Each structure stands twice: as C-alpha cells, then as structure tokens.
Amino acid sequence: VNADFWRNKVRVAAEKRVRLAQDPATTGYRWINGESDGLPGLVVDRYHDTLVAKIYTAAWFPHLEAIVWAVRAELGGARMVLRLSRNSQAAALAEFGLQDGQML
C-alpha cells in the first residue's frame, strides 16, 4: 500500500460525488463515506472550503499522512480538520500525538 493506492481510493470516491462538487448551491456534502467507498472507518466531509476528516478506528493513524496528502491532492480545500471518535482519542494522542480538532 502506497500513496498512489490511497489517492486512487479518494479519486474513485470523489468521482461518485462530482455532481455535488459542481453545484455552486451545494457547499456541504460527504466526499468519503467509509465502508461504501472501500475506506472503512474514514469519513471526509466538505463544509465550503473546509474539509473535515473523521476517523473511527486507530487503524488509520499509521496511514494518516498519506491519506491527508491524497485527500488534499484530489479534493483541495483551504484547510483540513481532524475529528477523532471517542474510542480512538487516547491512542491517537499517546501513540501519534494527534488531537481531536487539530488542523492537518
């Protein structure tokens, strides 16, 4: 698994929602919807020019840098915020120095 793998997964998910992105009246929508996009435990929403990545499992932490790169490369956004499920917050902080609400 490498950066191109993640970028392809993000690209395929984004292609399913391209009509939302092209509609100027739509400023909030889900870019990545976890299991249905082959990325279980990961959700990425867009709110105007802010992307919010919600992680529901600690399995994503070792891949977070590659995922953030893929999401930013494919989806853009002025900023990206990390949201962590309650059950993953302790591991995120202790093992990876990640905190809920931090900018990525």
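Predicted model: local features only at pLDDT ≥ 70, side-chain atom pairs only at ≥ 80, totals over all residues.
**Notebook: salt bridges**

I started with E74, which counts as partly exposed at 23% relative accessibility (buried is under 20% relative accessible area, exposed over 50%, partly exposed in between, with a 1.4 Å probe and protein chains only). E74 pairs with R11 through a salt bridge of 3.1 Å, N to O (a side-chain nitrogen of Lys or Arg within 4 Å of a carboxyl oxygen of Asp or Glu). With E74 in helix 3 and R11 in helix 1, the pair ties together parts that are 63 residues apart in sequence. R11 is partly exposed, at 31% relative accessible area.

Numbering runs from 1 along each chain as its sequence is written, and side-chain values use heavy atoms, without hydrogens and water.

Next I looked up R7. Its side chain meets that of E74 in a salt bridge, 2.6 Å from N to O. R7 sits in helix 1 (residues 3–16) and E74 in helix 3 (residues 64–75), 67 residues apart; helices are DSSP runs of H or I with at least four residues, strands are E runs of at least two, and both are numbered from the N terminus. R7 is partly exposed, at 24%.

Then I checked D100 and R83, whose side chains form a salt bridge at 2.9 Å, N to O. D100 is in the segment after helix 4 (89–96), R83 in strand 4 (residues 79–84), 17 residues apart. D100 is partly exposed at 31%, and R83 is partly exposed at 35%.

Back to the shared partners: R7, R11 and E74 join into one network. My tally for the structure is 7 salt bridges.
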